[in-house]
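Here is a short briefing to read with the model open beside you. Take a look at the fold, then walk through the points below.

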Amino acid sequence: MAEQEVKLLVKWCSPFAMRVEWALKLKGIRFQVVEQDTTKKSTLLLNSNPIYKKIPVLIHNEKPICESLVIVEYIDQTWKNATPILPLDPYEKAVARFWAKFVEEKNCHPVGLRHWDFQLEIGGKGPFVILL
Ligand SMILES: N[C@@H](CCC(=O)N[C@@H](CS)C(=O)NCC(=O)O)C(=O)O
């Protein structure tokens, strides 16, 4: 793949940003972290995510992608030759998306110890459960 410019707008304590950082690291992608103050939103953030005005935002070759789960899926599809994050099988992928949505709706912290408990509870099937 040609030279890539990958920037990630984050807030250091955001579990949603961590989710994306893990995905990029898992794929071995070099990226620039751009820390944001969400109490004083930058023009870059407002222009990149005008709908939700939230981090994380991935900016890949000047194109912004918003929403952490959408970003993880984008990363998985764009850098296909590295470790897969989501299952390839459509059914397994749907199950992964279901649990990711469940975790969000139950307001669980998407990373961290609670997730490990959750993974054990449902008999987690691989890194995607932890990451998502
Ligand atoms: N559903 C979003 C949630 C992102 C989110 O809630 N980001 C928080 C930081 S953890 C944020 O930017 N908050 C600023 C605000 O709400 O104005 C995602 O998955 O990316």
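Two strands count as paired if DSSP finds at least two bridges between them. Helices (H or I, at least four residues) and strands (E, at least two) are DSSP runs, numbered from the N terminus. The model is a predicted one, in which local features need pLDDT of at least 70, side-chain atom pairs count only at pLDDT 80 or more, and totals for chains, interfaces and linings use all residues. Residue numbers start from 1 along each chain as its sequence is written.

**Overall layout**

- The protein chain holds six helices and four strands, and along the sequence they follow the pattern β-α-β-α-β-β-α-α-α-α.
- Of its 132 residues, 24% count as buried; here a residue is buried if 20 or more other C-beta atoms lie within 10 Å of its own, exposed if 12 or fewer, and partly exposed in between, with C-beta atoms placed from the backbone.
- Two residues are in contact if their C-beta atoms, placed from the backbone, lie within 7 Å. Among contacts in the protein chain with a separation of 6 or more, 59% are between residues 24 or more positions apart.

**The sheet**

- As a reminder, strands of a sheet pair through backbone hydrogen bonds, either parallel or antiparallel.
- Four strands form an open sheet in the order S2-S1-S3-S4, with mixed pairing. Its edge strands, each pairing on one side only, are S2 (32-35) and S4 (63-66).
- From one strand to the next, the twist averages 25 degrees; axes are lines fitted to C-alpha atoms, for helices over the stretch in contact, and angles run from 0 to 180 degrees between N-to-C directions.
- Strand S1 (residues 6-10) runs parallel to S2 and is joined to it by four bridges, with Val33 of S2 as the bridge partner of Leu8.
- S1 also pairs with S3, in the antiparallel sense and over four bridges; there, Val6 faces His60 of S3.
- S3 and S4 are antiparallel as well, again over four bridges, and Ile59 has Pro64 of S4 opposite.

- Which strands does helix H3 touch? Helix H3 (residues 68-78) packs on the sheet against strand S3 (57-60) and S4, and its direction makes about 125 degrees with that of S4.
- In soluble globular proteins, nonpolar side chains tend to be buried together.
- Leaving aside residues up to four places away in sequence, Leu58 touches Leu8, Val20, Ile65, Ile71 and Tyr74.

**Around the ligand**

- The residues surrounding the ligand are Lys11, Ser14, Phe16, Thr38, Lys53, Lys54, Ile55, Pro56, Glu67, Ser68 and Leu69.
- This shell divides into four nonpolar, three polar and four charged residues, where Ala, Val, Leu, Ile, Met, Phe, Trp, Tyr, Cys and Pro count as nonpolar, Asp, Glu, Lys and Arg as charged, and the others, Gly among them, as polar.
- Phe16, a member of this shell, lies in helix H1. Phe16 is partly exposed because 19 other C-beta atoms lie within 10 Å.

**Backbone details to check**

- The peptide bond from Ile55 to Pro56 is cis, with omega near 5 degrees, and Pro56 is in the loop between helix H2 (43-48) and S3.
- Lys53 sits in that loop between H2 and S3 too, and has a positive phi of about 60 degrees although it is not a glycine. With 13 other C-beta atoms within 10 Å, Lys53 is partly exposed.
- Is Glu62 buried or exposed? Glu62 counts as exposed because it has 8 C-beta neighbours inside 10 Å.
- Glu62 lies in the loop between S3 and S4, with a positive phi of about 75 degrees although it is not a glycine.
- The hairpin of S3 and S4 has two residues between the strands, and Asn61 takes a positive phi near 50 degrees there.

How values were computed: A residue is near a molecule or strand if its C-beta atom, placed from the backbone, lies within 6 Å of it.
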